[in-house]
Amino acid sequence: MSFHLRVYDSFHYSDESEADDIGHFETYEEALVEAKAIVDKFLASNWKSGITPEKLFAQYDDFGDDPSIIPDDPKEQNSNQHFSARKYAISRVGTICKEFEKTKIEIQALYQKAINFATEKHVLMDQNVPGTILPYVVHLSNVAMEILTAASETPSLNTSFAVQVALLHDTIEDTSTTFEELQNNFGIEIANAVSALSKKPDLPKDQQMQDSLNRIKTLPFEVWAVKLADRITNLQPPPSHWTNEKKYAYKQEAQQILNELHKANYYLAKRLEQKINEYDNLI
Ligand code: NI
């Protein structure tokens, strides 16, 4: 016995012409996992800080997708196998509101820890934003700001992971920080991410970027997103001593990053594309 899902949007409920049949599932349980995921996805992407469970449910009730589990052979309908998306949504809104609010508070604490750690490391190197008197932490917080803005457009982005990687992304390349130190303080995923975002100094210069991009591409989209955000932040008016040749090469490198990593995040890819076009006026 096999199943598919018929998905109505609540807005057109009971209007068969507005229903889509999707998926093919060998068992009722498999179909159930997918049906619940559809409801959860809507609730997650419509959650906003401070929203009440009642309000979130009201949005689902008005606009959410309403999947039903349908046996491929209608004669096989079993009365025990009835999924109500509405009842499931009611059972989920309280948990989602609580969990998401908690995650937000976690992000704030993790942000503080990462920015303090990174700032100290870059201060020890006496590092400024190149060509300015600004402390290096301005660059780091700008990259984190790009990530937070992108996160509000990208419900699937793991914001706490991405924002920590953003703040720490130059610690291995530019300071005395070691992989082990990052692993001990922030965990192996973050250490791996920062490592991939660091150029290997022993490689020939013209291979370093492509090598780093290759390593980034073996990791989650959050790491790709930090690389996009980094270059968006760096496409500022170049230092006055740069030759046009150097500016042109910097632009070409930005294009290479965009070509390789654009599919990680639509919002950041669009933004980098725009920055590259604007950079033309500075050459
Ligand atoms: Ni950077």
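Colleague: Which residues is Arg 231 in contact with, leaving aside its neighbours within four places in sequence?

Modeller: Contact means heavy atoms within 4.5 Å. By that criterion, and leaving aside neighbours within four places in sequence, Arg 231 is in contact with Met 209, Tyr 250, Glu 253, Ala 254, Ile 257 and Leu 272. The model is predicted, so local features need pLDDT of at least 70 and side-chain atom pairs count only at pLDDT 80 or more, whereas totals for chains, interfaces and linings use all residues. Residues are numbered from 1 along each chain as its sequence is written, and side-chain values use heavy atoms, with hydrogens and water left out.

Colleague: Where is Arg 231 found, and is Arg 231 buried or exposed?

Modeller: Helices (DSSP runs of H or I, at least four residues) and strands (E, at least two) are numbered from the N terminus. Arg 231 is found in helix 10, which spans residues 221-234. For accessibility, buried means under 20% relative accessible area, exposed over 50%, and partly exposed in between (1.4 Å probe, protein chains only). With a relative accessible area of 5%, Arg 231 is buried.

Colleague: How do Asn 265, His 24 and Ala 109 read on that scale?

Modeller: Asn 265 counts as buried, at 1% relative accessibility. Its place is the loop between helix 11 (244-261) and helix 12 (266-279), and, neighbours within four places in sequence aside, Asn 265 is in contact with Ala 150, Thr 154, Leu 157 and Leu 228. His 24, by contrast, is exposed, with a relative accessible area of 52%. This histidine lies in strand 2 (residues 20-25) and touches Ser 2, Phe 3 and Asp 72, not counting residues up to four places away in sequence. The C-alpha atoms of His 24 and Pro 71 are separated by 9.9 Å, although the two are 47 residues apart along the chain. Ala 109, in helix 3, counts as partly exposed at 49% relative accessibility. Its C-alpha atom is separated by 9.6 Å from that of Ser 160, 51 residues away along the chain.

Colleague: At what angle do the axes of helix 5 and helix 10 cross?

Modeller: Axes are lines fitted to C-alpha atoms, for helices over the stretch in contact, and angles run from 0 to 180 degrees between N-to-C directions. The axes of helix 5 and helix 10 come within 9 Å and cross at roughly 40°. That makes helix 5 oblique to helix 10: angles under 35 degrees count as roughly parallel, over 145 as roughly antiparallel, 65 to 115 as roughly perpendicular and the rest as oblique. Phe 161, Ala 162, Val 165 and Ala 166 of helix 5 meet Glu 222, Val 223 and Val 226 of helix 10.

Colleague: How does helix 4 pack with helix 10 and with helix 12?

Modeller: Helix 4 and helix 10 have axes 9 Å apart and pack at an angle of about 125°, which makes helix 4 oblique to helix 10. Residues making this contact include His 139, Asn 142 and Val 143 of helix 4, and Val 226, Ala 229 and Asp 230 of helix 10. The axes of helix 4 and helix 12 come within 8 Å and cross at roughly 130°, so helix 4 is oblique to helix 12. There, Glu 146, Ile 147, Thr 149, Ala 150 and Glu 153 of helix 4 meet Tyr 267, Leu 268 and Arg 271 of helix 12.

Colleague: Which residues coordinate the nickel ion?

Modeller: Donors are N, O and S atoms within 2.8 Å of the metal (3.2 Å for Na, K and Ca); water is not among the atoms, so sites may look incomplete. The nickel ion is coordinated at 2.1 to 2.4 Å by His 139 (NE2), His 169 (NE2), Asp 170 (OD) and Asp 230 (OD). In sequence, these donor residues are spaced H-x29-H-D-x59-D. His 139 lies in helix 4 (residues 137-153) and His 169 in the loop between helix 5 (159-168) and helix 6 (171-174), so the pair ties together parts that are 30 residues apart in sequence. Both His 139 and His 169 are buried.

Colleague: What is the geometry of the nickel site?

Modeller: Four donors count as tetrahedral if all angles lie between 85 and 135 degrees; four count as square planar and six as octahedral if opposite donors are over 155 degrees apart and all others between 65 and 115; anything else is irregular. The four donor atoms of the nickel ion give angles of 79 to 169°, and the site is irregular.
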